[in-house]
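Hello,

I am passing a structure on to you, and I hope you enjoy looking through it. Please open it first; my notes follow below.

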Amino acid sequence: MNLTILNLHQLSKTSCPRLAKLPIFLATQPRDQQAKNQLKTFLKFPMTIASFLVIAVSLVTSVTHPASTAAQTTSPAAGLGLSKAPFSLAVSPPTTYLAVKPGAALTHTFTLRNYGQQALKITTQITDFTADGTTGKPILGDGSVFDKIINPDLNFGQEFIIEPGENRSLTLSFTISDQAITKEYPLTVLFHGEPIEKNGSSNRNLTAASGTVASNLIIFISDQSTRQGELIIDQIDYPRFIDSFGKINFKILARNLGPHALPITGQAAIKNLFQQSIIEYIFYPDYILGNSSRRVRNVELTAENIDSQGKIIEDHLDKLSDQFSYRSPFMIGPYQIEVQLENQTRQITVIALPFSGLALIFLGLLIFFGYKFLKQKFPS
Amino acid sequence: MRSKLVIGLGLAISSLGMLFLAPLIQAERLESNSYVIQFGNFNMGSGTGTGDTNYQMTYTLGQTAAGPYGNYSTTNYFLGSGFQYIYQIQEFAFTISDLDIDLGILSHGVLSQASHDLTVRTRGAGGYTIYTYELRPLTHHLGEITILDTTCDNNNCDQTQAAIWENEEIPGFGFNASGPHVSSDFVGHPNFFRQFANRAGGETMQTIASSAQIATDEVTTITYQASIAGDQAAGSYQTGVVFVAVPGY
């Protein structure tokens with residue numbers, strides 16, 4: 001298993017003088033089968049940039065056994081029994097947003113569950129990611145966050161074994177430099193699992209597969225406790241003219257002007273000539289990372305999709321789409337699309353004309369007059 | 001008597017004035033032109049607490065549940081009034097049906113295949129992405145000779161772009177992906193193959209499947225294909241392939 005080297009230089013765009021090394025020790029404890037077992041792993045690395053995100057990162061793991069408290073049971077979640085597959089690894093939570101002030105510290109706990117049939121050796125690494133600008137897909141970096149050239153003793157995260165059916169809690173601790181700048185750091189923590197027992201023999205043409213599950217960790221450093229920035233409507237893709245027998249389709253691209261992630265809030269509506277709403281949509285609260293953009297997803301605002309608290313019913317989340325769509329048997333004239341994103345409202349007009357009907361009429365007239373012409377020219 | 005009347009009238013007027021002139025206090029809603037904070041409990045506190053010398057815990061008071069729509073319960077999702085946590089409690093699961101992919105005996109002029117399934121399960125509406133890479137090309141067990149990654153029939157495929165590979169005379173090693181959300185170069189083309197991104201060669205892992213929707217046991221099938229040149233050294237060839245499943249945010 002390759003351990004990707006992480007380079008913190010990529011987290012900050014400022015360059016500052018090299019600072020002293022911080023003393024960090026590596027400590028392990030013998031595993032205690034009757035109680036929680038903690039493995040503390042600390043990093044040694046020099047602080048070469050004053051605005052470093054992290055002074056010390058530790059990964060603390062604990063084993064959860066069936067004899068532990070009910071909250072840490074190894075039983076799979078309801079409906080999720082042990083898989084028959086050799087590799088089945090789950091992590092929770094899949095995405096976390098943490099905001100912290102410079103000079104402060106915080107911890108975050110992941111839970112790994114092995115639903116597979118084989119014991120897995122788990123190694124951990126962190127990489128950064130960037131937003132793709134339209135969806136919530138992280139574009140993973142090359143994994144160079146901690147620079148091993150600067151710190152040859154780097155050993156982030158001690159590998160451990162997770163048995164089939166076992167839970168593992170891993171706690172990540174961050175201490176933030178008091179000189180850290182206001183910035184959002186999208187990170188992805190990767191948990192790589194490979195089987196301990198390799199069944200391949202030397203006389204087979206074998207490809208050994210292994211898997212990695214990830215959890216996204218977005219950390220925002222700021223000394224302000226209030227919301228910063230705002231969302232704006234960056235772009236609305238819509239047709240100016242549509243056919244009366246067609247449908248109105250449009251997409252909304254929202255942009256976050258602020259330094260930290262913000263949820264999308266708002267709604268849209270299509271109104272007819274008489275300013276009556278003929279359809280309404282509610283925006284799904286996807287998060288837009290700081291200084292990034294994302295397409296707005298929606299569901300139709302109906303009693304079927306929305307519960308009594310005004311929230312999208314979970315079972316209907318499969319209806320989410322980044323395309324707003326409306327269809328009617330026949331539309332004619334101007335229709336107004338009104339988009340309200342936070343405090344910003346934008347209205348655009350789409351005009352429905354019976355292009356297909358006109359085309360048919362034209363074709364009909366063409367045939368009619370063509371027939372008459374031919375009849376005159378060739379009376380017999 | 002008159003003074004009592006005046007005092008009483010003054011009190012009455014003052015009371016009425018407080019009722020009508022005092023601004024309404026919305027204790028649970030603070031807003032400005034640029035933001036709105038809606039919390040039922042706004043006793044803020046934060047800072048560095050005490051703890052181990054190697055790490056310290058911060059604390060936040062007054063966190064309330066102000067979750068958005070969707071599949072979060074208010075107890076699991078909250079916007080901290082101390083500006084610390086936005087938390088999604090969901091499990092992201094990734095399954096590989098088989099870890100030992102045996103290509104069998106490789107012969108010149110024969111395309112050998114083997115396959116397995118990748119399954120993603122996430123109830124989060126952020127979806128997922130699957131990346132893949134190989135640790136190195138298929139390498140002879142003695143360590144030096146390799147079966148090169150395929151470049152397909154027309155020498156037009158690589159780790160980022162699939163192309164047709166049906167010619168048994170073309171040696172190489174590659175894969176095809178099929179499923180509901182595979183990359184576009186695989187869609188509708190069961191005979192299109194890519195080579196794996198070669199980690200030993202410094203290549204970065206590549207996306208093979210991606211979806212922005214909830215995935216309930218969504219299966220992507222990986223089909224490996226290999227063939228050898230006529231002068232390929234006899235022996236067993238092996239490599240390692242890694243599949244990385246990343247949730248959307």
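A residue is called buried when its relative accessible area is under 20%, exposed when that value is over 50%, and partly exposed in between. Please keep in mind that this is a predicted model.

Which strand is joined to β13(B)? Strand β7 of chain B, residues 128-134, runs antiparallel to β13(B), and five bridges link the two. One pairing to look up is Ile130(B), whose bridge partner in β13(B) is Ala209(B).

Next, please turn to chain A and find Ser83(A), in the loop between β2 (56-64) and β3 (87-92). Is Ser83(A) buried or exposed? Ser83(A) counts as buried, because its relative accessibility is 17%. A polar atom of its side chain lies 3.0 Å from the backbone nitrogen of Ala85(A). Beyond its neighbours within four places in sequence, Ser83(A) is in contact with Ser88(A), Tyr115(A), Gly116(A) and Gln117(A), and also with Thr95(B).

Finally, have a look at Phe330(A), in the loop between β21 (324-327) and β22 (333-341) of chain A. Phe330(A) counts as partly exposed because its relative accessibility is 42%. Together with Phe241(A), Phe245(A), Ile332(A), Leu353(A) and Phe355(A), Phe330(A) makes a nonpolar surface patch of about 560 Å².

Best wishes

How values were computed:
Residues numbered from 1 in each chain as written. Chains lettered and ligands numbered in written order. Predicted model: local features only at pLDDT ≥ 70, side-chain atom pairs only at ≥ 80, totals over all residues. Heavy atoms only, no water. Helix = DSSP H or I, 4+ residues; strand = E, 2+ residues; numbered from the N terminus. Buried < 20%, exposed > 50% of the residue type's maximum accessible area, 1.4 Å probe, protein only. Polar contact = N/O pair within 3.5 Å; in protein donor to acceptor, adjacent residues only side chain to side chain. Contact = heavy atoms within 4.5 Å. Patch = residues over 30% accessible without salt bridge, like charges linked within 9 Å, V, L, I, M, F, W, Y side chains within 5 Å. Areas by Shrake-Rupley, 256 points an atom, 1.4 Å probe, with all protein chains shown as cover. Salt bridge = Lys/Arg side-chain N within 4 Å of Asp/Glu carboxyl O. Pairing = 2+ DSSP bridges.
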